[in-house]
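I opened the model to look up a few points on packing, strand pairing and surface. My entries follow.

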Amino acid sequence: MKATITSIELKGPFKYFVLSSMAWRIMKQLKSSDYKDFRKKGFWTVHCTMTLWRSEDEMRKFASSGAHKDAMQSSRRIAKEIRTITIDAEELPSWSVAKQLLKKGKVIRFD
């Protein structure tokens, strides 16, 4: 199985409202997919998600379609930085482990 861990640092606290709107649509998409587990956490300008998938193919199909794809294409408007890492896992890690893993992940910074 594959676990994807993502963090987004917003450009400012008022971008939270845009993020919430995007997240609502993404959650609707997620509920209709075949994910195995999901967790979210966030405060102020930093928000994180972890999603567990049965296969890399299912994960990629989700990420490259629908509301998630739309959010990624417009993330430059609200994000200062996005970090992501995908690992092999049988279950989602603890948040402390996830935070350490994100330090090794892919970083996208927006000016």
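Against which helices do the buried residues of helix 3 pack? I found that they pack against helix 1 and helix 2 (56-63), contact meaning heavy atoms within 4.5 Å.

Before going on, I noted that this is a predicted model, in which local features need pLDDT of at least 70, side-chain atom pairs count only at pLDDT 80 or more, and totals for chains, interfaces and linings use all residues. Residues are numbered from 1 along each chain as its sequence is written, and side-chain values use heavy atoms, with hydrogens and water left out.

Helix 3. I looked up residues 66-73 and found Ala 67, His 68 and Ala 71 buried (under 20% relative accessible area, with exposed over 50% and partly exposed in between; 1.4 Å probe, protein chains only). Seen down the axis of helix 3, the buried residues fall within an arc of 100°, so they line one face of the helix. The arc is taken from the directions from the helix axis to the C-beta atoms.

Strands. I took helices (H or I, at least four residues) and strands (E, at least two) as DSSP runs numbered from the N terminus; two strands pair if DSSP finds at least two bridges between them. Strand 4 (residues 79-88) runs antiparallel to strand 1, with nine bridges joining them; there I found Ala 3 partnered with Ile 87. Strand 4 also pairs with strand 5 (residues 106-109), again antiparallel, over four bridges, and Ile 82 stands opposite Ile 108 of strand 5.

Loop. I located Phe 14 between strand 1 (2-10) and helix 1 (16-31). Phe 14 counts as exposed because its relative accessibility is 67%.
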